[in-house]
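Please consult the sequence and the structure shown below while reading.

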Amino acid sequence: MSPLPDVEKLSDIENSQDDPHGDTHLARVDAGHAGWRLDRFLSQTLAQFSRSRLQQLLEQGAVRRDDRTIKDANHRVKPGETYRIAVPPAAPATPQGQDIPLTVVYEDKDLIVIDKPAGLVVHPAAGNLDGTLVNALIGHCGPGVLSVGGEERPGIVHRLDKDTSGLLVAAKTGRTMTSLGKQFANHTIERAYHALVWGAPREASGLIESQIGRSPFDRKRMTVLRAGGKTARTNYRTLEKFGPAERPFAALIECRLETGRTHQIRVHLASQGHPLIGDPQYGRSRAAPKAKTTAEEAAYGAATGFSRQALHAFVLGFHHPGVDRFMRFESAWPADFAALAQALRGLNT
(Lines give C-alpha, C1' and ligand atoms only; values in the text may rest on other atoms or scores of the structure.)
Protein backbone atom coordinates (compact mmCIF):
# COMPACT_ATOMS: atom_id res chain seq x y z
CA MET A 1 0.00 0.00 0.00
CA SER A 2 1.25 3.49 -0.82
CA PRO A 3 2.13 5.63 2.18
CA LEU A 4 -0.31 8.32 3.13
CA PRO A 5 0.60 11.69 1.62
CA ASP A 6 1.64 14.54 3.85
CA VAL A 7 -1.30 16.75 4.80
CA GLU A 8 -1.64 19.53 7.28
CA LYS A 9 -4.37 21.89 8.36
CA LEU A 10 -3.34 25.52 8.18
CA SER A 11 -3.55 27.84 11.14
CA ASP A 12 -6.59 30.05 11.57
CA ILE A 13 -4.48 33.07 10.65
CA GLU A 14 -3.48 31.50 7.37
CA ASN A 15 -7.05 30.31 6.79
CA SER A 16 -8.31 33.86 6.87
CA GLN A 17 -6.46 34.76 3.68
CA ASP A 18 -8.61 32.56 1.44
CA ASP A 19 -11.55 31.24 3.43
CA PRO A 20 -12.31 33.07 6.67
CA HIS A 21 -15.05 30.67 7.74
CA GLY A 22 -13.90 27.30 6.39
CA ASP A 23 -10.87 25.04 6.64
CA THR A 24 -7.87 25.07 4.32
CA HIS A 25 -5.61 22.05 3.89
CA LEU A 26 -2.23 21.47 2.25
CA ALA A 27 -1.45 18.12 0.61
CA ARG A 28 2.06 17.31 -0.59
CA VAL A 29 2.59 14.59 -3.18
CA ASP A 30 5.27 11.98 -2.45
CA ALA A 31 6.87 9.47 -4.81
CA GLY A 32 4.35 6.76 -3.93
CA HIS A 33 1.54 8.78 -5.51
CA ALA A 34 3.22 9.82 -8.74
CA GLY A 35 0.78 9.73 -11.63
CA TRP A 36 -2.33 9.34 -9.48
CA ARG A 37 -5.55 11.07 -10.56
CA LEU A 38 -6.01 14.21 -8.51
CA ASP A 39 -9.42 13.19 -7.15
CA ARG A 40 -8.06 9.81 -6.03
CA PHE A 41 -5.04 11.45 -4.40
CA LEU A 42 -7.27 13.94 -2.55
CA SER A 43 -9.70 11.24 -1.41
CA GLN A 44 -6.82 9.50 0.36
CA THR A 45 -5.42 12.78 1.62
CA LEU A 46 -8.70 14.06 3.02
CA ALA A 47 -10.30 10.86 4.22
CA GLN A 48 -13.00 12.78 6.08
CA PHE A 49 -14.55 13.83 2.75
CA SER A 50 -16.26 11.57 0.23
CA ARG A 51 -14.87 11.35 -3.28
CA SER A 52 -18.00 13.01 -4.67
CA ARG A 53 -17.56 15.92 -2.23
CA LEU A 54 -13.95 16.35 -3.33
CA GLN A 55 -15.05 16.31 -6.96
CA GLN A 56 -17.49 19.11 -6.08
CA LEU A 57 -14.66 21.09 -4.52
CA LEU A 58 -12.63 20.62 -7.70
CA GLU A 59 -15.53 21.82 -9.85
CA GLN A 60 -15.99 24.85 -7.59
CA GLY A 61 -12.35 25.89 -8.03
CA ALA A 62 -11.42 25.17 -4.40
CA VAL A 63 -8.23 23.26 -5.25
CA ARG A 64 -5.06 25.12 -6.21
CA ARG A 65 -1.47 24.24 -7.02
CA ASP A 66 0.73 27.29 -6.54
CA ASP A 67 -1.24 30.08 -8.24
CA ARG A 68 -3.17 27.78 -10.58
CA THR A 69 -6.69 26.53 -9.93
CA ILE A 70 -7.08 22.86 -10.85
CA LYS A 71 -10.60 21.68 -11.73
CA ASP A 72 -9.80 18.53 -13.69
CA ALA A 73 -10.34 15.39 -11.59
CA ASN A 74 -8.23 13.47 -14.13
CA HIS A 75 -5.22 15.72 -13.57
CA ARG A 76 -2.15 13.59 -12.73
CA VAL A 77 -0.14 14.59 -9.69
CA LYS A 78 3.68 14.68 -9.50
CA PRO A 79 6.04 14.20 -6.54
CA GLY A 80 6.94 17.42 -4.79
CA GLU A 81 3.76 19.24 -5.76
CA THR A 82 1.65 20.88 -3.04
CA TYR A 83 -2.10 21.28 -3.38
CA ARG A 84 -4.13 23.76 -1.36
CA ILE A 85 -7.73 22.76 -0.69
CA ALA A 86 -10.08 25.45 0.63
CA VAL A 87 -13.18 23.79 2.10
CA PRO A 88 -16.04 26.28 2.42
CA PRO A 89 -18.31 26.22 5.46
CA ALA A 90 -21.31 23.95 5.34
CA ALA A 91 -24.61 25.58 4.48
CA PRO A 92 -26.64 26.39 7.58
CA ALA A 93 -29.23 23.74 8.37
CA THR A 94 -31.97 26.35 8.23
CA PRO A 95 -31.88 29.13 5.59
CA GLN A 96 -32.12 32.63 7.00
CA GLY A 97 -34.43 35.36 5.78
CA GLN A 98 -32.78 38.21 3.89
CA ASP A 99 -34.02 41.55 2.62
CA ILE A 100 -33.66 40.83 -1.10
CA PRO A 101 -35.98 42.77 -3.45
CA LEU A 102 -38.55 40.61 -5.25
CA THR A 103 -40.77 41.43 -8.22
CA VAL A 104 -44.08 40.04 -6.96
CA VAL A 105 -46.62 39.42 -9.75
CA TYR A 106 -49.32 37.97 -7.50
CA GLU A 107 -49.59 37.06 -3.83
CA ASP A 108 -52.23 35.85 -1.41
CA LYS A 109 -52.29 33.75 1.76
CA ASP A 110 -51.69 30.53 -0.20
CA LEU A 111 -48.97 31.30 -2.72
CA ILE A 112 -46.74 33.87 -4.36
CA VAL A 113 -45.82 34.31 -8.03
CA ILE A 114 -42.46 35.97 -8.64
CA ASP A 115 -40.79 37.32 -11.76
CA LYS A 116 -37.26 36.06 -11.12
CA PRO A 117 -34.36 38.06 -12.52
CA ALA A 118 -31.43 36.35 -14.21
CA GLY A 119 -28.58 35.80 -11.76
CA LEU A 120 -30.74 34.85 -8.76
CA VAL A 121 -30.23 31.28 -7.49
CA VAL A 122 -33.44 29.60 -6.34
CA HIS A 123 -32.25 27.79 -3.20
CA PRO A 124 -29.07 27.56 -1.09
CA ALA A 125 -26.45 25.02 -2.13
CA ALA A 126 -22.68 24.68 -2.16
CA GLY A 127 -21.27 27.83 -3.69
CA ASN A 128 -24.45 29.81 -2.98
CA LEU A 129 -25.10 29.56 0.74
CA ASP A 130 -27.32 32.65 0.88
CA GLY A 131 -28.58 35.49 -1.27
CA THR A 132 -31.05 33.09 -2.93
CA LEU A 133 -34.74 33.22 -3.74
CA VAL A 134 -35.41 31.05 -0.68
CA ASN A 135 -33.67 33.59 1.56
CA ALA A 136 -35.73 36.32 -0.08
CA LEU A 137 -38.98 34.36 0.40
CA ILE A 138 -38.30 33.86 4.11
CA GLY A 139 -37.52 37.56 4.44
CA HIS A 140 -40.65 38.55 2.52
CA CYS A 141 -43.18 35.98 3.80
CA GLY A 142 -41.82 35.42 7.29
CA PRO A 143 -40.31 32.35 9.01
CA GLY A 144 -43.64 30.51 8.80
CA VAL A 145 -42.81 29.49 5.23
CA LEU A 146 -39.99 27.30 6.61
CA SER A 147 -42.60 24.71 7.58
CA VAL A 148 -43.81 24.36 3.98
CA GLY A 149 -42.15 21.52 2.11
CA GLY A 150 -39.00 21.22 4.19
CA GLU A 151 -36.57 23.75 5.62
CA GLU A 152 -33.91 23.39 2.91
CA ARG A 153 -36.22 24.48 0.09
CA PRO A 154 -39.30 25.93 1.77
CA GLY A 155 -42.18 26.65 -0.58
CA ILE A 156 -40.20 25.70 -3.69
CA VAL A 157 -42.33 23.64 -6.06
CA HIS A 158 -40.23 24.11 -9.20
CA ARG A 159 -37.03 25.87 -10.18
CA LEU A 160 -35.53 28.06 -12.85
CA ASP A 161 -31.82 27.98 -13.59
CA LYS A 162 -29.79 30.80 -12.05
CA ASP A 163 -29.43 32.67 -15.34
CA THR A 164 -32.94 31.98 -16.64
CA SER A 165 -35.38 34.81 -16.02
CA GLY A 166 -39.15 34.68 -15.63
CA LEU A 167 -42.12 33.39 -13.70
CA LEU A 168 -41.97 31.05 -10.71
CA VAL A 169 -44.62 30.10 -8.16
CA ALA A 170 -43.89 29.25 -4.51
CA ALA A 171 -46.30 27.80 -1.95
CA LYS A 172 -47.07 29.40 1.40
CA THR A 173 -49.14 26.53 2.83
CA GLY A 174 -48.78 22.77 2.90
CA ARG A 175 -52.08 22.28 1.06
CA THR A 176 -50.94 24.53 -1.76
CA MET A 177 -47.56 22.82 -1.90
CA THR A 178 -49.22 19.42 -2.29
CA SER A 179 -51.66 20.63 -4.95
CA LEU A 180 -49.03 22.40 -7.06
CA GLY A 181 -46.68 19.44 -6.70
CA LYS A 182 -49.33 17.11 -8.11
CA GLN A 183 -50.03 19.49 -10.98
CA PHE A 184 -46.35 19.56 -11.92
CA ALA A 185 -46.14 15.77 -11.61
CA ASN A 186 -49.23 15.35 -13.81
CA HIS A 187 -47.92 17.91 -16.35
CA THR A 188 -51.05 20.07 -16.08
CA ILE A 189 -49.09 23.27 -15.38
CA GLU A 190 -48.87 25.64 -18.34
CA ARG A 191 -45.28 26.75 -18.90
CA ALA A 192 -44.00 28.63 -21.92
CA TYR A 193 -40.54 30.05 -22.57
CA HIS A 194 -39.01 32.34 -25.13
CA ALA A 195 -35.54 31.40 -26.32
CA LEU A 196 -33.10 33.13 -28.64
CA VAL A 197 -31.00 30.48 -30.35
CA TRP A 198 -28.16 30.20 -32.83
CA GLY A 199 -29.47 29.40 -36.30
CA ALA A 200 -33.05 28.20 -36.80
CA PRO A 201 -34.69 24.74 -36.80
CA ARG A 202 -35.44 23.34 -40.24
CA GLU A 203 -39.02 22.57 -39.22
CA ALA A 204 -40.97 25.62 -38.07
CA SER A 205 -42.52 23.65 -35.20
CA GLY A 206 -42.36 20.23 -33.68
CA LEU A 207 -41.88 18.03 -30.64
CA ILE A 208 -38.43 17.17 -29.29
CA GLU A 209 -38.64 13.94 -27.29
CA SER A 210 -35.73 12.10 -25.72
CA GLN A 211 -34.28 10.58 -22.57
CA ILE A 212 -32.35 13.12 -20.49
CA GLY A 213 -29.89 12.30 -17.72
CA ARG A 214 -26.51 13.32 -16.33
CA SER A 215 -23.60 13.18 -18.71
CA PRO A 216 -21.29 10.25 -17.94
CA PHE A 217 -18.37 12.57 -18.70
CA ASP A 218 -19.40 15.67 -16.72
CA ARG A 219 -21.78 15.41 -13.77
CA LYS A 220 -22.69 19.11 -13.97
CA ARG A 221 -24.10 18.67 -17.47
CA MET A 222 -27.28 16.95 -18.57
CA THR A 223 -27.40 15.20 -21.92
CA VAL A 224 -29.60 13.20 -24.28
CA LEU A 225 -29.11 9.49 -23.51
CA ARG A 226 -29.76 6.45 -25.65
CA ALA A 227 -30.63 4.42 -22.56
CA GLY A 228 -31.55 5.42 -19.02
CA GLY A 229 -32.41 8.92 -17.89
CA LYS A 230 -35.96 10.28 -17.86
CA THR A 231 -38.34 10.97 -20.71
CA ALA A 232 -38.43 14.64 -21.69
CA ARG A 233 -40.78 16.35 -24.15
CA THR A 234 -40.49 19.91 -25.43
CA ASN A 235 -42.86 21.45 -27.97
CA TYR A 236 -41.31 24.29 -29.95
CA ARG A 237 -42.45 26.89 -32.48
CA THR A 238 -40.25 29.31 -34.42
CA LEU A 239 -41.60 32.84 -34.03
CA GLU A 240 -38.94 34.86 -35.86
CA LYS A 241 -35.79 34.24 -37.89
CA PHE A 242 -32.94 36.74 -38.05
CA GLY A 243 -30.65 37.00 -41.05
CA PRO A 244 -30.68 35.37 -44.51
CA ALA A 245 -33.70 33.12 -45.13
CA GLU A 246 -31.52 30.31 -46.47
CA ARG A 247 -29.26 30.33 -43.44
CA PRO A 248 -30.56 32.39 -40.48
CA PHE A 249 -28.03 33.72 -38.02
CA ALA A 250 -30.45 33.31 -35.07
CA ALA A 251 -34.10 32.73 -34.22
CA LEU A 252 -36.72 33.40 -31.56
CA ILE A 253 -38.29 30.14 -30.40
CA GLU A 254 -41.29 29.50 -28.16
CA CYS A 255 -40.96 26.34 -26.05
CA ARG A 256 -43.76 24.68 -24.11
CA LEU A 257 -42.87 21.94 -21.66
CA GLU A 258 -44.73 18.67 -21.26
CA THR A 259 -42.14 17.52 -18.72
CA GLY A 260 -39.78 19.41 -16.43
CA ARG A 261 -36.32 17.86 -16.48
CA THR A 262 -33.18 19.67 -15.36
CA HIS A 263 -31.89 21.95 -18.15
CA GLN A 264 -34.52 20.42 -20.47
CA ILE A 265 -34.90 23.27 -22.97
CA ARG A 266 -31.18 23.98 -23.03
CA VAL A 267 -30.32 20.32 -23.68
CA HIS A 268 -33.07 19.76 -26.24
CA LEU A 269 -32.29 22.82 -28.34
CA ALA A 270 -28.57 22.09 -28.23
CA SER A 271 -29.26 18.50 -29.33
CA GLN A 272 -30.94 19.93 -32.44
CA GLY A 273 -27.89 22.03 -33.27
CA HIS A 274 -29.47 25.28 -32.08
CA PRO A 275 -28.22 26.03 -28.56
CA LEU A 276 -29.30 29.10 -26.64
CA ILE A 277 -27.35 32.24 -27.33
CA GLY A 278 -25.08 32.91 -24.35
CA ASP A 279 -25.41 29.42 -22.85
CA PRO A 280 -22.05 28.69 -21.16
CA GLN A 281 -22.68 24.95 -20.73
CA TYR A 282 -24.49 23.74 -23.83
CA GLY A 283 -23.45 26.11 -26.56
CA ARG A 284 -20.52 28.10 -27.85
CA SER A 285 -20.60 31.56 -29.39
CA ARG A 286 -21.02 31.24 -33.14
CA ALA A 287 -18.62 32.94 -35.51
CA ALA A 288 -20.37 35.96 -36.99
CA PRO A 289 -20.11 36.87 -40.66
CA LYS A 290 -18.22 40.01 -41.52
CA ALA A 291 -20.52 42.94 -40.75
CA LYS A 292 -21.40 45.05 -43.75
CA THR A 293 -23.71 47.52 -42.01
CA THR A 294 -24.00 49.19 -38.64
CA ALA A 295 -27.11 47.08 -37.91
CA GLU A 296 -25.22 43.86 -38.62
CA GLU A 297 -22.34 44.94 -36.43
CA ALA A 298 -24.77 45.70 -33.58
CA ALA A 299 -26.59 42.36 -34.01
CA TYR A 300 -23.46 40.25 -34.16
CA GLY A 301 -21.91 42.06 -31.21
CA ALA A 302 -25.06 41.73 -29.09
CA ALA A 303 -25.32 37.98 -29.76
CA THR A 304 -21.67 37.02 -29.32
CA GLY A 305 -21.39 39.20 -26.20
CA PHE A 306 -24.59 38.08 -24.46
CA SER A 307 -23.59 37.05 -20.95
CA ARG A 308 -26.23 34.45 -20.01
CA GLN A 309 -28.43 31.87 -21.66
CA ALA A 310 -31.14 33.74 -23.58
CA LEU A 311 -34.11 32.01 -21.96
CA HIS A 312 -37.16 33.64 -20.36
CA ALA A 313 -40.15 31.93 -18.71
CA PHE A 314 -42.91 34.21 -19.98
CA VAL A 315 -46.07 32.18 -19.21
CA LEU A 316 -47.07 30.31 -16.06
CA GLY A 317 -50.54 28.89 -15.50
CA PHE A 318 -51.92 26.60 -12.80
CA HIS A 319 -55.05 25.69 -10.86
CA HIS A 320 -55.14 27.71 -7.64
CA PRO A 321 -56.36 25.31 -4.91
CA GLY A 322 -57.39 28.13 -2.57
CA VAL A 323 -59.76 29.89 -4.97
CA ASP A 324 -60.51 26.81 -7.13
CA ARG A 325 -59.80 28.37 -10.50
CA PHE A 326 -57.12 28.41 -13.16
CA MET A 327 -54.77 31.38 -13.01
CA ARG A 328 -52.44 32.43 -15.82
CA PHE A 329 -49.61 34.97 -15.71
CA GLU A 330 -47.37 36.51 -18.36
CA SER A 331 -44.02 38.25 -17.97
CA ALA A 332 -42.52 40.85 -20.28
CA TRP A 333 -38.99 40.31 -21.50
CA PRO A 334 -36.26 41.68 -19.24
CA ALA A 335 -34.21 44.54 -20.65
CA ASP A 336 -31.20 42.46 -21.74
CA PHE A 337 -33.34 39.90 -23.59
CA ALA A 338 -35.39 42.62 -25.28
CA ALA A 339 -32.25 44.48 -26.34
CA LEU A 340 -30.77 41.32 -27.87
CA ALA A 341 -33.96 40.58 -29.81
CA GLN A 342 -34.10 44.17 -31.05
CA ALA A 343 -30.49 44.05 -32.19
CA LEU A 344 -31.10 40.76 -34.03
CA ARG A 345 -34.11 42.26 -35.83
CA GLY A 346 -31.67 44.68 -37.38
CA LEU A 347 -30.51 41.77 -39.58
CA ASN A 348 -33.92 41.76 -41.29
CA THR A 349 -34.06 45.44 -42.23
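Which helices and strands each supply at least two residues of the lining of the largest pocket? They are α3 (51-59), α5 (174-185), β9 (190-198), β10 (205-214) and α6 (264-271).

## Basis of the model

The model is predicted, so local features need pLDDT of at least 70 and side-chain atom pairs count only at pLDDT 80 or more, while totals for chains, interfaces and linings use all residues. Residues are numbered from 1 along each chain as its sequence is written, and side-chain values use heavy atoms, with hydrogens and water left out.

## Overall architecture

The secondary structure of the protein comprises 8 helices and 15 strands. These elements are DSSP runs numbered from the N terminus, with helices being H or I of at least four residues and strands being E of at least two. Along the principal axes, the C-alpha atoms fill a box of roughly 65 × 55 × 40 Å.

Of the 349 residues in the protein, 45% are buried. Here buried means under 20% relative accessible area, exposed means over 50%, and partly exposed lies in between, with a 1.4 Å probe and protein chains only.

## The largest pocket

The volume of the largest pocket is about 1800 Å³. Its lining has 45 residues, and the closest to the pocket centre are R159, D161, K162, T262 and H263. A pocket is defined on a 1 Å grid over the protein atoms alone, as an open set of points where a 1.4 Å probe fits, with protein on both sides within 12 Å along at least five of seven lines; lining residues have an atom within 4 Å of a point. Grid points are joined across faces, edges and corners, and the volume is the space filled by probe spheres set on the points.

The lining of the largest pocket divides into 16 nonpolar, 16 polar and 13 charged residues. In this division Ala, Val, Leu, Ile, Met, Phe, Trp, Tyr, Cys and Pro are nonpolar, Asp, Glu, Lys and Arg are charged, and the others, Gly among them, are polar.

## The second largest pocket

The second largest pocket has a volume of about 570 Å³. Among the 23 residues that line this pocket, G199, A200, R247, P248 and H274 are the closest to its centre. The elements giving two or more residues to its lining are β10 and β12 (230-242). By class, the lining of the second largest pocket holds 14 nonpolar, 3 polar and 6 charged residues.

## Strand pairing around β13

Strand β13 is largely enclosed by the rest of the structure, because 7 of its 8 residues are buried. β13 pairs with β9 in the antiparallel sense over 7 bridges, and A192 has R256 in β13 as its bridge partner. Two strands pair if DSSP finds at least two bridges between them.

β12 and β13 also run antiparallel and are joined by 8 bridges. In this case the bridge partner of F242 is A250 in β13.

## Salt bridges

The model contains 15 salt bridges, each being a side-chain nitrogen of Lys or Arg within 4 Å of a carboxyl oxygen of Asp or Glu. One of them joins E254 to R237, at 3.1 Å from N to O. E254 lies in strand β13 (residues 250-257) and R237 in strand β12, so this contact ties together parts that are 17 residues apart in sequence. E254 is buried at 10% relative accessible area, whereas R237 is partly exposed at 43%. Both belong to a network of salt bridges that links E190, R237, E254, R256, R328 and E330.

A salt bridge between R266 and D279 has an N to O distance of 2.9 Å. This pair links distant parts of the chain, with R266 in helix α6 and D279 in the loop between α6 and α7 (294-304), 13 residues apart. R266 is buried at 4% relative accessibility, and D279 is buried at 2%. K109 and D110 form a salt bridge in which the closest N and O atoms are 3.4 Å apart; K109 is exposed at 64%, but D110 is buried at 7%.

## Cysteines

How many disulfides are counted? The count is 0, where a disulfide is a pair of cysteine sulfur atoms within 2.5 Å. C141 is partly exposed, at 26% relative accessible area, and C255 is buried, at 0%.
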